Amino acid sequence: MGRTLAAGILLLCLSALLVGETARKRGYGISLNYGSFGVPEYLLDPFLLTYPAVRGEGFGISVKKYGREGLASPYTTFYSLRVSEVTSGGLWRVDEEDYLVKGDFTLRQVLFSYGVHLNFFPRAFLSPYLGVGVGLGVGDLSAKGIYRDGGEEHQDSYRYKSVVPVIKVPLGLTLRPGGGVEVEVEGGFENAFYLSAGMTILL
């Protein structure tokens with residue numbers, strides 16, 4: 001156990017030196033990522049008695065600007081553009097006294113945000129990070145449903161499109177295998193909860 005821990009620390013130190021030597025040459029990066037979006041069940045349970053799964057997917061591109069020390073900087077600023085779609089369809093009910101609705105909805109969003117990542121071990125081969133970002137986007141919500149009230153069947157539809165604020169809180173892990181790329185696994189919140197994977201080409 002002690003030897004394994006010592007070997008791990010040595011590897012971390014060696015990787016830090018390697019990253020430190022080459023990091024100053026890299027000032028920018030272009031990142032592509034893809035992931036899943038949704039709303040966890042435990043957040044819906046207090047408000048809905050019956051509901052289907054709420055999930056979707058999204059694709060993003062971002063430009064990163066590293067600090068004065070390049071990849072070895074403790075912070076990274078980013079400009080992010082993400083397109084996402086969250087859908088759901090099935091039976092909905094608020095409580096026992098409410099009528100049962102059979103319906104579906106689709107929420108499409110185009111989100112732009114600006115923010116910063118705090119890199120915990122910027123000189124290491126593997127570095128976790130935490131960030132925050134804000135911005136603006138366009139949300140397009142369409143929904144339709146069928147329900148019975150007093151023995152009669154009713155059908156409603158809804159469409160709403162608006163500019164929306166963007167709040168982004170990413171938590172991720174960066175892997176630097178060399179060759180001018182970074183690999184990221186990231187989760188967090190960006191107007192919905194998400195989990196994504198991506199690659200950054202260093203410039």
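Is His117 buried or exposed? At 7% relative accessibility, His117 counts as buried, where buried means under 20% relative accessible area, exposed over 50%, and partly exposed in between (1.4 Å probe, protein chains only). The model is predicted: local features need pLDDT of at least 70 and side-chain atom pairs count only at pLDDT 80 or more, while totals for chains, interfaces and linings use all residues. Residues are numbered from 1 along each chain as its sequence is written, and side-chain values use heavy atoms, with hydrogens and water left out.

**Confidence**
- The average pLDDT (the predictor's confidence in each residue, from 0 to 100) is 84 for the protein, and 87% of the residues score at least 70.
- Residues 7–23 have a pLDDT below 50, and this stretch has 16 contacts in the model beyond near neighbours in sequence; contact means heavy atoms within 4.5 Å.

**The barrel**
- Eight strands close into a barrel with antiparallel pairing, in the order E1-E2-E3-E4-E5-E6-E7-E8.
- On average, neighbouring strands of this sheet are turned by 20 degrees against each other, direction ignored; the axes are lines fitted to C-alpha atoms, and angles run from 0 to 180 degrees between N-to-C directions.
- Strands are DSSP runs (E, at least two residues), numbered from the N terminus, and two of them pair if DSSP finds at least two bridges between them.
- Strands E4 (residues 101–119) and E5 (residues 126–149) run antiparallel and are joined by 19 bridges.
- Gly103 stands opposite Gly145 in E5.

**His117 in strand E4**
- His117 is found in strand E4, and its contacts beyond four places in sequence include Pro74, Tyr75, Tyr129, Leu130 and Glu186.
- The C-alpha atoms of His117 and Pro128 are separated by 9.8 Å, with the two residues eleven apart along the chain.

**Ser127 in strand E5**
- Ser127 lies in strand E5 and is buried, with a relative accessible area of 2%.
- The side chain of Ser127 reaches the backbone oxygen of Phe121 at 3.1 Å.
- Not counting residues up to four places away in sequence, Ser127 touches several residues, among them Asn119, Phe120, Gly172 and Thr174.

**The nonpolar core**
- The largest nonpolar core has nine residues: Phe37, Leu44, Tyr51, Val54, Val86, Trp92, Phe105, Ala192 and Tyr194.
- Such a core is a set of buried Ala, Val, Leu, Ile, Met, Phe, Trp, Tyr and Cys residues joined through side-chain atoms within 4.5 Å.
- Leaving out residues up to four places away in sequence, Tyr194 touches Phe37 as well as others, including Arg82, Lys168 and Glu186.

Note on methods. Helix = DSSP H or I, 4+ residues; strand = E, 2+ residues; numbered from the N terminus. Polar contact = N/O pair within 3.5 Å; in protein donor to acceptor, adjacent residues only side chain to side chain.
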